[in-house]
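My notes follow in the order in which I looked.

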There are 2 protein chains.
Amino acid sequence: MNVLIIGGVAAGTKAAAKLLREDRNLDVTILTKSRDISYAGCGLPYYVGGLIEDRGELIVNTPQSFSRLTGAKVRTGIEVTALDRTAKTVTAKNLDDGSTETLSYDKLVITTGAEPFKPNLPGIDLPGVFCMRTPDDAIGLRDQIEAGTLKRAVVVGGGFIGLEVAENLSAQGVRVTVVEMAPHILPMFDGEIAEYLENHLADQGIMTFTGDRVEEILGDGKVEKVKTSRRAFKADAVIMAAGIRPATGFLKDTGIELMPNGTVKVDAQMRTNDPDIYAAGDCVTVTNRITGQPAWSPMGSSANIEGRLLARHMTGSDVSYPGVLGTGVIRLPAINAGRTGLTEAEATAAGFDAVSVLAAVDDKAHYYPDASSFIIKLVADRQSRRLLGLQVLGKGAVDKVVDIAVMAISMNATLDQLENLDLAYAPPFSTAIHPFSNAVNVLQNKLSGALESMTPAQYLAGEAEGYTVLDFCKAPLITGAEYLAPGDINGPLEGHPLDEKLLLVCNRGRRAYMAQNRLKFYGYRNTRVLEGGMAFNQVTV
Amino acid sequence: MNVLIIGGVAAGTKAAAKLLREDRNLDVTILTKSRDISYAGCGLPYYVGGLIEDRGELIVNTPQSFSRLTGAKVRTGIEVTALDRTAKTVTAKNLDDGSTETLSYDKLVITTGAEPFKPNLPGIDLPGVFCMRTPDDAIGLRDQIEAGTLKRAVVVGGGFIGLEVAENLSAQGVRVTVVEMAPHILPMFDGEIAEYLENHLADQGIMTFTGDRVEEILGDGKVEKVKTSRRAFKADAVIMAAGIRPATGFLKDTGIELMPNGTVKVDAQMRTNDPDIYAAGDCVTVTNRITGQPAWSPMGSSANIEGRLLARHMTGSDVSYPGVLGTGVIRLPAINAGRTGLTEAEATAAGFDAVSVLAAVDDKAHYYPDASSFIIKLVADRQSRRLLGLQVLGKGAVDKVVDIAVMAISMNATLDQLENLDLAYAPPFSTAIHPFSNAVNVLQNKLSGALESMTPAQYLAGEAEGYTVLDFCKAPLITGAEYLAPGDINGPLEGHPLDEKLLLVCNRGRRAYMAQNRLKFYGYRNTRVLEGGMAFNQVTV
């Protein structure tokens with residue numbers, strides 16, 4: 001059987017290698033436009049930041065070494081320009097000499113990936129405008145840093161790639177500004193989390209301008225200035241990270257079913273609507289594991305899983321892709337952020353009776369040298385009590401918290417099943433009550449009514465209007481608010497009638513919870529604990 | 001209702017605080033022999049190592065602050081010496097003046113914990129012999145370090161506590177020897193894993209002597225020498241970490257059912273055989289979540305879960321403890337180790353048809369600065385394909401890998417359910433194919449027959465007898481073995497008949513797996529990949 005694979009980065013090379021391990025009699029050929037295959041696309045921002053020193057480290061395999069190791073043929077510099085499903089052929093153009101040839105297939109695999117979206121702006125082709133998709137992009141940008149000609153950069157787009165580049169440029173001493181069209185950076189997080197990160201990045205010297213749009217790039221022979229709908233910035237470089245587009249143009253009018261965003265529609269076996277044509281990686285739409293709705297997951301991790309799975313299916317295994325959770329994790333200056341499953345907004349939009357809690361908890365034993373906090377937001381379905389999503393921020397191992405939630409959500413765990421877990425504890429790693437368990441307990445307390453709280457999102461939306469703020473921090477922290485310790489509550493509070501609306505605020509939420517417990521005992525009926533306390537919220541009186 | 005709690009460290013304080021939050025009308029009193037309550041027992045080795053600078057950080061709450069915060073009464077310096085279940089009273093001895101009193105209870109909670117086992121050896125009471133159970137132990141040991149009189153130390157016992165102390169002493173420049181009675185240190189790991197760690201510790205300057213027993217501690221007014229059944233060591237200090245014993249002596253002849261090891265037997269609601277008496281923490285035996293068999297889990301994490309759970313049950317919640325997985329994690333010099341669930345030996349002993357695999361995989365993107373390897377051993381049941389246990393070693397975040405497995409095992413996940421998980425990936429945190437997924441895939445390949453391998457335990461047991469070793473490392477590494485690259489295999493190998501027994505060894509296992517795939521294609525019938533390759537095994541020809 002003759003298998004043609006169009007595209008040779010993550011999904012394509014994984015599929016080729018696995019196909020030949022499953023059945024060495026297959027004739028497998030990778031066709032790729034590029035000179036490189038199997039390069040570390042996710043590592044490019046870290047090459048810019050100098051964490052990856054040598055460009056050679058970006059290349060996982062050369063075409064030769066890959067071919068020798070796997071037995072797949074690799075043809076570089078070949079662009080597939082057309083597909084004839086009836087004849088089962090593709091038209092391939094040799095990018096060196098411009099010649100074309102017709103190649104036939106028994107099975108075709110489309111792993112053409114995606115390309116950076118380059119809006120048609122004045123100045124977009126000026127030297128100093130970069131994308132972040134191929135090794136050449138990263139090398140060009142670092143060359144400019146090393147030449148000392150990059151003092152100010154504008155990153156267009158505040159998603160994962162844009163912020164990874166921003167972080168690495170900032171670490172190199174470049175002054176970075178991020179411009180994002182949407183109301184917040186990182187749209188895969190709930191708004192209040194994104195807003196927290198925007199403030200954090202500002203503290204770290206990276207300014208983010210949201211709800212703004214680049215209109216023009218100006219300069220005399222090279223980038224000098226960026227004009228947006230609301231501002232203008234001096235800049236020595238512009239990094240376009242305003243999204244990607246699937247590289248599926250050649251499939252137009254072939255009858256291969258595409259999604260509205262241009263990605264290939266596939267089933268749970270990674271087959272297109274043509275049973276002899278598979279697709280995987282950044283150029284396909286898969287499904288969300290929770291909702292079953294279409295989901296685009298242009299991630300190296302998904303590409304590998306999908307490439308492996310289609311190879312197993314094509315060689316006769318009974319396999320099925322359960323779909324993605326939109327998992328993501330990012331290192332930012334002095335903070336990490338991760339997420340999986342549904343945000344509160346997504347859960348509500350998907351029809352769940354979503355309930356959330358935001359808990360600020362220790363990430364490891366408080367006395368251990370680099371101990372810090374996690375901000376964990378859990379989203380669950382009130383009815384089924386099923387965990388739907390998690391978002392986490394912190395200086396430490398946010399990926400651990402995400403991965404626990406990935407496992408839980410993938411197994412359809414309810415909050416009750418997430419209690420009393422024997423998770424790993426030793427002081428260098430965690431807390432005796434595990435941070436994840438701690439957050440689960442807080443949400444359980446909220447659902448049982450033991451904790452009556454206000455979420456940061458509700459606070460931002462003005463729901464504290466009419467509440468009197470009481471400051472229960474370890475030491476007074478809120479200017480203008482009455483200060484109390486939880487232990488001070490041994491009866492009704494002087495000057496505070498039992499029906500008064502009281503917003504209880506402490507450093508992280510725990511002391512206010514204990515205070516609420518006492519206040520309720522003494523008859524207070526309208527108290528609310530502010531989730532995340534001063535660690536997350538900016539409270540003013 | 002009047003609740004007496006005997007013991008005020010993790011389980012006791014957690015139970016007290018939760019009881020009063022659930023029902024502030026309760027009259028809750030903690031009775032404790034000690035002067036401190038709620039101290040960070042797990043932090044003591046790190047105080048010795050100087051990571052925790054100030055002794056004040058070891059104390060979570062003073063009796064006064066705890067009492068003020070929770071509303072529980074705390075009486076320190078009180079030892080309970082007798083229990084009268086009929087009268088529902090305890091006899092309490094005041095350790096200051098020797099007086100006794102009788103205290104009545106409606107509900108009693110036993111959280112007396114455990115005490116270090118001090119064998120009755122000549123010299124055991126010499127100055128310079130330490131335990132590691134209370135803040136005073138740790139303070140005494142560090143004082144000796146700071147006084148400059150501690151150059152050599154012998155740690156008796158190679159369990160978690162013993163090795164944590166060894167690591168911290170070693171970090172302080174003390175020359176440390178560990179003596180362990182059992183055939184291996186860390187008996188909660190499979191033997192080949194423990195042996196790997198013994199070799200690693202030796203490389204790091206910590207000598208472990210197993211199958212050896214301390215017989216006498218010698219010295220003139222202070223520790224000078226330790227005599228074992230096989231050796232003698234100079235020593236300025238001896239740290240006794242040879243196990244703990246539940247502090248349940250006062251329960252003898254009370255009719256409270258105890259286990260053979262002296263721990264209190266409790267049900268899933270943490271009740272003893274007396275419905276008015278609960279117990280939790282280091283002094284109880286609970287159940288193993290997988291086997292349902294009795295399990296002793298003297299861990300701060302279990303104590304907190306159990307204390308919280310009994311408080312909820314006593315105040316009317318319908319709760320049930322699913323039991324423990326024996327989860328543990330430890331930081332050692334230049335390596336971390338973690339485990340959960342059943343070892344291969346435990347799984348076999350419990351009647352499972354245990355199958356295991358040991359995989360050496362990247363812990364994060366190979367090009368990222370502090371990237372290293374994980375050694376992951378998975379244990380599963382061949383019949384049900386259920387994951388039963390995981391052991392992991394590595395310089396990086398072994399706790400993450402453990403916690404994923406805890407979640408999986410707690411949800412009774414099968415290996416098939418553990419494929420295609422959308423776990424977190426970005427280069428600073430993980431690999432595109434997640435290390436956990438990678439190990440799962442290797443075990444699936446072994447179960448399907450795609451991988452035919454020899455485990456390190458089988459190799460150690462001599463099963464490679466009669467095999468010809470072929471070296472498939474990236475560069476020749478095995479003296480005396482024939483060297484080949486996987487890509488060299490394009491037909492039968494000269495000089496190697498198709499029925500020859502071939503042991504395929506590479507750096508970690510992956511290249512040998514690819515080589516095996518090719519060899520099988522060309523007709524070889526008796527090949528085995530050595531799991532973990534040279535990264536884990538010491539291969540000689």
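**Entry 1: H1 and H7 in chain B.** Helix H1 of chain B covers residues 10-22 and helix H7 of chain B residues 300-314, and their axes come within 8 Å and cross at roughly 30°. I noted that axes are lines fitted to C-alpha atoms, for helices over the stretch in contact, with angles running from 0 to 180 degrees between N-to-C directions. Helices (H or I, at least four residues) and strands (E, at least two) are DSSP runs numbered from the N terminus.

The crossing of H1(B) and H7(B) is right-handed, a term used if the near helix is turned clockwise from the far one by less than a right angle, with left-handed for anticlockwise. On the side of H1(B), the residues making the contact include Ala11(B), Ala15(B) and Leu19(B), and on the side of H7(B) they include Ala303(B), Gly307(B) and Leu310(B). Contact here requires that the C-beta atoms of two residues, placed from the backbone, lie within 7 Å. I sorted the residues of this contact by class and found 8 nonpolar, 4 polar and 6 charged (Ala, Val, Leu, Ile, Met, Phe, Trp, Tyr, Cys and Pro count as nonpolar, Asp, Glu, Lys and Arg as charged, and the others, Gly among them, as polar).

**Entry 2: what I am reading.** This is a predicted model, in which local features need pLDDT of at least 70 and side-chain atom pairs count only at pLDDT 80 or more, while totals for chains, interfaces and linings use all residues. Residues are numbered from 1 along each chain as its sequence is written, and chains are lettered from A and ligands numbered from 1 in the order in which they are written.

**Entry 3: H1 and H7 in chain A.** I then turned to chain A, where H1(A) and H7(A) pack at an angle of about 30° with their axes 8 Å apart. H1(A) and H7(A) are therefore roughly parallel to each other, and their crossing is right-handed. Among the residues that meet there are Lys14(A) and Lys18(A) in H1(A), and Glu306(A) and Arg308(A) in H7(A). By class, this contact has 8 nonpolar, 4 polar and 6 charged residues.

**Entry 4: how the chains meet.** Chain B is superposed on chain A by a rotation of 180° with 0.0 Å of shift along its axis, at an RMSD of 0.0 Å. The two copies are thus related as by a two-fold rotation axis; the superposition is by least squares on the C-alpha atoms of residues with pLDDT of at least 70 in both. How many residues of chain B are in contact with chain A? I found 66 residues of chain B in contact with 65 residues of chain A. H1, H3, H7, S24, H9 and H12 of chain B each supply at least two residues of the side that touches chain A, and the largest share, 9 residues, comes from H9(B). This side of chain B has 42 nonpolar, 14 polar and 10 charged residues. The copies meet through the same surface, because 98% of the interface residues of chain B are also interface residues in chain A.

Entry 5: S15(B), residues 214-218, and S16(B), residues 225-228, pair in the antiparallel sense over 4 bridges; strands count as paired if DSSP finds at least two bridges between them. Glu216(B) stands opposite Lys227(B) in S16(B). The hairpin of S15(B) and S16(B) has 6 residues between the strands, and within this hairpin Gly221(B) takes a positive phi near 80°. S16(B) is also joined by 3 bridges to S17(B), residues 232-234, in the antiparallel sense, where Ala232(B) is the bridge partner of Lys227(B). S16(B) and S17(B) form a hairpin with 3 residues between them.

Entry 6: S7(A) and S8(A) are joined by 5 bridges, and Thr89(A) stands opposite Ser104(A) in S8(A).

Note on methods
Angles under 35 degrees count as roughly parallel, over 145 as roughly antiparallel, 65 to 115 as roughly perpendicular and the rest as oblique.
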